[in-house]
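Let's learn to read a protein model together, one feature at a time. Have a look at the structure, and then we'll start with a strand.

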Amino acid sequence: MDRVFPEMKKQLGFGMMRLPMKGDVVDIEQVKRMVDLFLENGFNYFDTAHGYINGLSELAVRECLVKRHNRDEFLLTDKLTGQYFKSKADIRPFFQSQLKACGVEYFDFYLMHSQNATNFKHFKACHAYETAFELKKEGKVRHVGISFHDRAQVLDQILTEYPDIEVVQIQFNYLDYDDESVESKKVYDVVRKHGKPLLVMEPVKGGSLVNLPEKADNVLRELDGGSNASYAIRFAASFEGMEMVLSGMSNMEQIEDNISYMKDFKPLSDVEFESLWKVRDIFKSLNSIPCTGCRYCVEENHCPKHILIPDMFTCMNKKMIFHSWNQDYYYEDVLTVGNGKASDCINCGGCERVCPQHLPIRKLLKDVAEEFEKD
Ligand code: SF4
Ligand code: SF4
């Protein structure tokens, strides 16, 4: 496969949004070991954003990567997120604060974060794209791109209006491939039509494609021994134009597994593709809630009732898919202690406005309340 960015040494990137934690702080010593192992094995791409772990991800990048390795040993991507600027004047100070937090003089890639129809309007009104291209001219950013969460048609509009965008990060995995709300394949086709290279996020759909229901898991056990994550990540990397697949790695075990099959990447065979389509069909027949656990809906006080939305969806999925009955106790004694219950939702819609998966959260919370608040 021809690479547009040959400086990306391998096709696997270290997503720093789900780092190992020790209570409320990042487990810095473990992240240092993870970063070192990643670099030692020839990988060099790291991805962060200011909102990841409430600002702690950027600081972990500085402590674990930047302070301990030469700048030319790694590529670093950061993002401009809409909630941190209200006008054009806010963008440069925010950008400078990101450089400082990460301890670098420039970013290799700077992405307009989470672009959808609504965010795009805000970015345009604030001349965010123009500002990013100016930063590129000044050498503070090497490449300008976007991360995208909306329908294919919205992406077509963005890439038509801003043809200088160099790279597009999309959600791409075998479950969302033909999903009607995510439209991964259609979005991919639009990016290819515009001749842009791609970066992939959510290849394991927030972990959903790692912990598979038994019937689906059995399908992958018939293959030749790879982990569930390995098939999902190799699926994304097997498509033409995929420069980089991000994995949000949370411990040494995950990084070791990822390195084992991405160090010398081999595209999926036809048999492996067929197995993944079978897994997709099994998954879909179970009607689980396709929440990725990104937590955008619970950050920045989006929910006035402090309902732990993604945790409730995980709880519901575990009960429905794995018939894990202790979820009732978990719901009652952990999730809703000091936080809102699903039935406390006041229908304000704040969560749905920021959900990149376009989930009907209010309706789903009613299902959760029906399941867990029966008495
Ligand atoms: S709609 Fe319900 S769950 Fe969503 S933010 Fe409002 S109160 Fe919270
Ligand atoms: S409900 Fe949507 S915004 Fe909230 S964690 Fe799930 S995918 Fe993310």
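Q: How many residues of β10 are buried?
A: First, the terms: buried means under 20% relative accessible area, exposed over 50%, and partly exposed in between, with a 1.4 Å probe and protein chains only. Strands (E, at least two residues) and helices (H or I, at least four) are DSSP runs, numbered from the N terminus. Here 6 of the 7 residues of β10 are buried, so β10 is largely enclosed by the rest of the structure.

Q: Before we go on, what kind of model is this?
A: It is a predicted model, in which local features need pLDDT of at least 70 and side-chain atom pairs count only at pLDDT 80 or more, while totals for chains, interfaces and linings use all residues. Residues are numbered from 1 along each chain as its sequence is written, chains are lettered from A and ligands numbered from 1 in the order in which they are written, and side-chain values use heavy atoms, with hydrogens and water left out.

Q: Which strands close into a barrel?
A: Two strands pair if DSSP finds at least two bridges between them. In this model 8 strands close into a barrel, in the order β1-β4-β5-β6-β7-β8-β9-β10, with parallel pairing. Neighbouring strands of this sheet are turned by 30° against each other on average, direction ignored; axes are lines fitted to C-alpha atoms, for helices over the stretch in contact, and angles run from 0 to 180 degrees between N-to-C directions.

Q: How many bridges pair β1 and β10?
A: There are 4, in the parallel sense, and G13 has L246 in β10 as its bridge partner. β9 also runs parallel to β10, joined by 3 bridges; there, L198 is partnered with M242 of β10.

Q: Which strands does helix α7 touch?
A: Start with two of the strands: β7 (residues 141-148) and β8 (residues 167-171) run parallel and are joined by 4 bridges. Helix α7 (residues 184-193) packs on the sheet, touching β7, β8, β9 (198-201) and β10 (242-248), and its direction makes about 170° with that of β8. Contact means heavy atoms within 4.5 Å.

Q: Which residues touch the most other members of the largest nonpolar core?
A: In soluble globular proteins, nonpolar side chains tend to be buried together. A nonpolar core is a set of buried Ala, Val, Leu, Ile, Met, Phe, Trp, Tyr and Cys residues joined through side-chain atoms within 4.5 Å. The largest one has 97 residues, and F14, F46, Y129, F172 and F235 touch the most other members. Helix α9 (residues 228-237) gives the most to this core, with 7 residues. A second, separate core of 22 residues includes C297, C355, I361 and L365.

Q: Is Q30 buried or exposed?
A: Q30 is buried, with a relative accessible area of 14%. Its place is in helix α1. Leaving aside neighbours within four places in sequence, Q30 is in contact with P20, S250, N251 and M252.

Q: Which residues are closest to each ligand?
A: A residue is near a molecule or strand if one of its heavy atoms lies within 4 Å of it. Ligand 1 is surrounded by 14 residues, the closest being C303, C345, C348, G349 and C351. Around ligand 2 there are 13 residues, and the closest are C291, C294, R295, C297 and C355.
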